[in-house]
Amino acid sequence: MELTHYVVLSCILFSVGAATVLLRRNAIIVFMGVELMLNATNLAFVTFGRMHGDLSGQVIAFFVMVVAAAEVVVGLAIIIAIFRARRSVSVDDVDLLKS
Amino acid sequence: MPTVTSVAASVAASSAVSNEVPASLELAPYVILLPLVGAAVLLLAGRRSDRWGHWLGLATAIGSFVVGLVLLVGLLGLDAGERVYDMALYDWLPGGTLDVGVGLRIDPLSVTFVLLVTFVGSLIHLYSVAYMEHDDDRRRFFAYLNLFVAAMLVLVLANSYLLLFVGWEGVGLASYLLIGFWYRERKNAVAAKKAFVMNRVGDIGLIVAMMLMLATFGSLDFAVVHEQAPAASLGIVTAIGLMLLLAACGKSAQFPLQAWLGDAMAGPTPVSALIHAATMVTAGVYLVVRSAPIFDVSPDARLVVAIIGAVTLVFGAIIGCAKDDIKKALAASTMSQIGYMILAAGLGPIGYAFAIFHLVTHGFFKAGLFLGAGSVMHGMGDQVDMRRFGGLSRYMKVTFVTFGLGWLAILGIPPFSGFWSKDKIIEAAFVPVEGSEWQAWVFGFTALIGAGITAFYMSRLFFMTFGGKRRWNDGSGDVDGTGPQQGPVQHPHESPLLMTLPMVVLAFGSVFLGGLLAWGDSFVTWLEPVTGHAEHAEPVLPVWSLITLTLLLVVGGVILAWRQYAVADVPVTAPPASALTRAARVDLYQDAVNETVFMRPGQYLTRTLVYSDKEVVDGTWMGGAALLGTVGRVWRKAQNGFVRSYAATILGGLIVIVAVVLALAS
């Protein structure tokens, strides 16, 4: 199995994740898209680490996981807070930032 | 360029000016202090001094005159060669190489002025007590009058150009305050402002002259400057002379800075008599005569002085012929008479003494004429239009007689005062100057013809006021054709004693002063320590023929005026007239010229500057701000608050960056 396939898979996963973030309105689904993109990058990191024969790619993948975990905690907390306030988890309802 | 040490050495070497003041002259500072204290008390005490303020003003003026007399006696008690003193009072600005001290110059010239200013000033204070009786602001009026007298005395007693400048500005301020004394009327306030601004133009001349003196001589003291003037370069001295002349033109209402004097008549009549006839406007003559050593070095500057004087004397005389306002006609006459003085001063050593002589006699008879005009206005309900007077001799006998004596004096009829002084100026104007004989003929005939025109317009003024038929409404309602019955009802009456007394005293001066001072050339001899001795020079025409010619012209002018304004009926409104008369009625277009040449371009310039400031300077910054605002407004549309749109932007940006990196890498 060629390492290129992993890169292609990573690209596909990233694109699916990005499309999810851009196209879906439900905050939870958007969140899942973000996770998908993060994992796509993780896959790319590991693949390139393997390709170059050093460990730094794998180490960064761990960092990304840690950051992703923290991000999930904060993100879900925000989503719950918004849901409590507005009875909605649609990202398009939360557009007060513009004014 | 002389250094300061050499200047000091040369002053010490000069024996003409003594610094050791004899005891008899030590009172000199009190001449100035008395009216100055008077002004300060009257201004600071405010309404509290309303009841006695005018008497205090009068007392300080008289006190100042008495001190002046003491100075005169003190000087007369000394030898003629020892009559020039510099009295140092205190150091004003001690500054190393530049030491400015306050000191008084006591010599025949300054004492002459002190006596003229304080004597005429005292009489006019006395007159004003009655003239301003019904004015609520009489105390303020006397405060300003005192301030004026003090400033004028500083001007004539100063021993340096800087202190002279202090007095120069002081009289300008007092003149401004008094012209605009009835400032609630817009016309008066505008006239005051006009006088002030035109005087500032002249003052620039004095300031520049002082700068040139400082740069050249390192000092502003008369003693140093006059001592060093012959050694300096001719160009610099000529420049100083011309700048001093500019200053004199501004203060003395000489061409081309003459336009303010007519409007200055907006002030109360005693002010016109004291400031705008007898004293302040003659300060220019004083400045030129005082700076005689400078003008003696530069014949060119002196020639310009004489030309300015000759032009103004004709200019003023022509205006005087057409004015119907009695005070403005007198103002035009003042301008013309000062033209005579400036002309005499421009003739050099043969003319200096006569300039001052005419100044003194003019101070008396013109002040008398103005007070007479004030008395007429007082009796006629502040009417100034001479076409509304006529036949007043029966109603105001004292005014008529004193005014008549002043009229004869200004005409130059012997043996009245004006004859002795004006005739000497005409004679001096005819004295040939080596190298340019044309001057004698030009200046001589200008002065001669000026005397004829003077006779005409002063007689016109006199006959229109006191002679002819009544042209005012006496309220009797008779319709037999003795006078018009329209206009305000007038009850002409003689003025109170306080007003007629000064007029009588001045009339005595108009009659006797000239002859008295001319007796044995005593006045000229008295001034010699200052003006220098001038050898008697023969005019191009014999003296007897000049006197005859002058008198013929004067009598001709009087007869002409008598036929036109005493025998014939004078129309109540100004009739249509020739182009020259129309021009003279509007002061020979002096205001129009000033407005076209200076005011309008000035306005355009400021308007252009304001416009360019708005459009270019402000426009640059305001335009930059507007541009940033527009950019901001456009970009703000991107901030729509939708999270997904931000995400799409980020993604788009990322794709662009990746594309650029890939493109660059390949």
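Leaving aside its neighbours within four places in sequence, with which residues is Asp324(B) in contact? In this predicted model, Asp324(B) is in contact with Val384(B), Asp385(B), Met386(B), Arg387(B), Arg460(B), Met464(B) and Ala574(B), once its neighbours within four places in sequence are set aside, where contact means heavy atoms within 4.5 Å. Because the model is predicted, local features need pLDDT of at least 70 and side-chain atom pairs count only at pLDDT 80 or more, while totals for chains, interfaces and linings use all residues. Residues are numbered from 1 along each chain as its sequence is written, chains are lettered from A and ligands numbered from 1 in the order in which they are written, and side-chain values use heavy atoms, with hydrogens and water left out.

**Chain B overall**

- The secondary structure of chain B comes to 25 helices and 2 strands, taken as DSSP runs numbered from the N terminus, with helices (H or I) of at least four residues and strands (E) of at least two.
- Along the principal axes, the C-alpha atoms of chain B fill a box of roughly 120 × 80 × 60 Å.
- Of the 666 residues of chain B, 54% count as buried; buried means under 20% relative accessible area, exposed over 50%, and partly exposed in between, with a 1.4 Å probe and protein chains only.
- When contacts in chain B between residues at least 6 apart in sequence are considered, 79% of them join residues at least 24 apart.

**Chain A segments from the record**

- An unreviewed UniProt entry lists residues 6-23, 28-48 and 60-83 of chain A under "transmembrane region"; such positions are given in the numbering used here, feature names are shortened, and annotations may be inferred rather than shown by experiment.
- In the model, residues 6-23 of chain A are 100% helix and 0% strand, with end C-alpha atoms 25 Å apart, and residues 28-48 of chain A are likewise 100% helix and 0% strand, with end C-alpha atoms that lie 30 Å apart.

**Where chain B meets chain A**

- At this interface, 10 residues of chain B are in contact with 13 residues of chain A.
- The area buried between the two chains is about 960 Å², of which carbon and sulfur atoms give 65%; buried area is the accessible area (1.4 Å probe) that two parts lose on being put together, summed over both.
- The rule finds 1 salt bridge across the interface, and Arg644(B) and Asp92(A) meet in a salt bridge through their side chains (2.8 Å, N to O); the term stands for a side-chain nitrogen of Lys or Arg within 4 Å of a carboxyl oxygen of Asp or Glu.

- Side chains of opposite charge can pair when their charged atoms come close.
- Over all chains, the structure holds 19 salt bridges.
- Asp107(B), which is buried at a relative accessible area of 0%, forms a salt bridge with Arg105(B), the closest N and O atoms being 3.9 Å apart, and Arg105(B) also counts as buried at 6% relative accessibility.
- Asp107(B) meets Arg290(B) in a salt bridge as well (2.7 Å, N to O); Arg290(B) lies in helix α12 (residues 283-290) and Asp107(B) in the loop between β2 (98-106) and α4 (108-131), so the pair ties together parts that are 183 residues apart in sequence.
- The side chains of Arg200(B) and Glu169(B) form a salt bridge (3.2 Å, N to O), linking helix α7 (residues 186-217) with helix α6 (residues 161-179).

**Loops and backbone features**

- Asp324(B) is found in the loop between α14 (299-322) and α15 (326-346) of chain B, and counts as buried at 15% relative accessibility.
- A cis peptide bond, with omega about 5°, joins Phe255(B) and Pro256(B), and another, also with omega about 5°, joins Pro414(B) and Pro415(B).
- Ala253(B) has a positive phi of about 55° although it is not a glycine, and is buried with a relative accessible area of 0%.
- Asp382(B), another residue other than glycine, has a positive phi near 60°, but counts as exposed at 56% relative accessibility.
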